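Welcome! Take a look at the structure, then read on.

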Amino acid sequence: MESPEYCEINSNMTLDYINRLLMEDTDEKASIYQRHDALQATEKPFYDILGQAYPSSPKETTISTDSQIDCLQDNSSSYTKGVCSGRFVSDILVPQGMHLVANDWASERDHLSSQFQRGVEEANKLVPSIEKLMVDLDSNGLSDSNQMIGVAIVQKSKHVCKIRSHPHVDLELLEARSNKHLATSATETMRDEMFDSVLLCERQLHCDAAHLKKMKEREESNSQQNVQSKRYGQGKVKSRGMKKEEGIDLRALLIQCAQAIAVNNLMFAGELLKKIRHHASPYGDGSQRLALYLANALEARLAGTGSKMYQKLMEKRTRATDMLKAYRLFIAVCPFARVAYYFSNQTIADVLNERRKVHIIDFGITLGFQWPSLIQRFAQREGGPPKLRITGIDVPQSGFRPRAMIESTGKLLAEYAEMFNVPFQYQGITSQWEDICIDSLNIDNDEVLIINCMYRTKYLGDETEDIDCPRDRVLRIMKRINPEALILGIVNGFYSSPFFLPRFREVLFHYSSLFDMLNTTVLQSHEERVRIERDLIGAGALNAVACEGAERIERPETYKQWQVRSLKAGFKQLPINQAILKRSIDEKNKHYHNDFVIDEDSGWMIQGWKGRVLHAVSSWKPKESYTNQKDPSKYFCTSQLRL
């Protein structure tokens, strides 16, 4: 029997060959083309006898066989069979009578084919769960176990064959075209009754909260009655069985699995993942749901598909109506966003006082859900509304239209301003935040200047990316803009460590609180709860666990770490407005679950669940007046798109 070391070496060699073949390595192609030239002199006379035109180049030969290659893409078993039997693309291209001429090449091909088959068998032995790593993003779990690794290879080769047919096609352009419908879907962000009821109507929010609370209480009551009736009807034997089932500690299994992955014990990790999946469910309790999405993340880390899966989940979030439905549920059961927006809007109103012009620069505006309520408030201001300017800043979207979302956000806000007769001007800028050019903000000296930044700083690079990291550079840019107030909201988290195992533990603790919060306040079968957990919360956990380097963008820090950064950048912290704090606590006590916490610490208004701080918000201003001159050595207008 072959040793594990030999199996691993052989598998690595085989997989390396497959990778070079599928990725169209230029050296490999050159070698194949040289062999093709050696056959050309012998093959051409036979083509002449048959009255057929001989292909002028191996590229042309490959292009002419798209239909045959497409057949291979549709059936993984036939693909494997064809390789193992020694028949490949060359057998399709060369008449049967000419195989004797190509014996040397066929011999080498047969050898490599046998290596491929052997490598697949050894890989399946080493990692039993590797066959399930193709994730179905339209479902809440993974694809069926019959989707073997060979299927994944054929699916990947489908794209490779297209590249063979069109050797000069830009891959980014192809991806952009495939995402075109996603980009254009953002343009449907135009206000209607649903937008009004969610973004403006406090009464509707309170009705939603009361209805969800009653439904959840009814669900819990029915669940308790069912448990009691089962125990009464089935006796002690079933009771012991239930206790054993409930005794499964999914958190401990997840940590053990992460430890096994960290030390490259793939077989043990695969066994643990099977056990976790047996007890995980997208419609179970909070721990079962969290276990499902963390299991997805761990398997994606094993397969190296974390970045691609995260990108697909982000593409699902482009429809504004879907985001609005999720937002409606979230603010009905959780005070985090609502309290933070109230803190920000009230701070803006206090700083503005009775002045007539205000300019809000919103870093990370996304869909702009915060601003319709402020526009409504300005319309009701004594003495008439001020002239409102909003500059929305966000990173470009992937796909065919990088500015689609920020454009539709501007149209939405303009409609609300027109509805309330508030003088309004909007400017959208798509750029990496650290590349913002201050001159492009078009700041006027006679307007009240406010910077708003809510919950998006966690996506900025930290010191693991650069010593002078984007977080510090962005804060320095904000200081140079010289606002009268900087309103900073952050996700409070410890899972930004560059080391996988401690980061996974913190991800587990942080997201356990979020899933427990939703499990306590929302029906298990609620459709939007599943959407929030899968597309929003689960996506963040996936990125933090399955991605590394620049692909890992979920890097939250604590509010005390952000306090140090802000002070270092030249800001001073403003005290918490006690009236804002008191009203926020009163609203929480009146409409939300008792386990939510709102408090004050170190100049931050903090929010959490069962004692764990999850969000924090505070206000700042520059320590001294700063001119709005741009330092050309530090701030460039590169990679910036203006509307």
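Two residues are in contact when they have heavy atoms within 4.5 Å of each other. With that in mind, 79% of the contacts in the protein with a separation of 6 or more are between residues 24 or more positions apart. Please remember as you explore that this is a predicted model.

**The whole protein**

- The secondary structure consists of 25 helices and 10 strands.
- Of the 643 residues in the protein, 48% are buried.
- The protein exposes about 31400 Å², and 52% of this area is supplied by carbon and sulfur atoms.

**Helix H15 and helix H23**

- Helix H15 covers residues 286–303 and helix H23 covers residues 527–546; their axes are 9 Å apart, and the two pack at an angle of about 40°.
- The crossing of H15 past H23 is right-handed.
- On the H15 side, the residues making the contact include Tyr293, Leu294, Ala297 and Leu298, while those of H23 include Val530, Ala541, Leu542 and Val545.

**Helix H13 and helix H15**

- H15 also has a partner in helix H13 (residues 250–262): the axes of H13 and H15 come within 10 Å and cross at roughly 5°.
- Because angles under 35 degrees count as roughly parallel, H13 is roughly parallel to H15.
- H13 brings Leu250, Leu254, Cys257, Ala258 and Ile261 to this contact, and among the H15 residues taking part are Ala291, Leu294, Ala295 and Leu298.
- The residues of the contact of H13 with H15 comprise 10 nonpolar, 2 polar and 1 charged.

- Most residues other than glycine have a negative phi.
- Asn442 is not a glycine, yet has a positive phi of about 55°.
- Where is Asn442? Asn442 lies in the loop between strand E3 (424–430) and strand E4 (448–454).
- Asn442 has 37% relative accessibility, so this residue counts as partly exposed.
- Asn482 is not a glycine either, and has a positive phi of about 65°.
- The loop that holds Asn482 runs between helix H21 (470–481) and strand E5 (485–491).
- Asn482 has a relative accessible area of 22%, so this residue is partly exposed; buried would mean under 20%.

Notes. Residues numbered from 1 in each chain as written. Predicted model: local features only at pLDDT ≥ 70, side-chain atom pairs only at ≥ 80, totals over all residues. Heavy atoms only, no water. Helix = DSSP H or I, 4+ residues; strand = E, 2+ residues; numbered from the N terminus. Buried < 20%, exposed > 50% of the residue type's maximum accessible area, 1.4 Å probe, protein only. Areas by Shrake-Rupley, 256 points an atom, 1.4 Å probe, with all protein chains shown as cover. Axes fitted to C-alpha atoms, helices over the stretch in contact; angles between N-to-C directions. Left-handed = near helix turned anticlockwise from the far one by under 90°. Parallel < 35°, antiparallel > 145°, perpendicular 65-115°, else oblique. Nonpolar A, V, L, I, M, F, W, Y, C, P; charged D, E, K, R; others polar.
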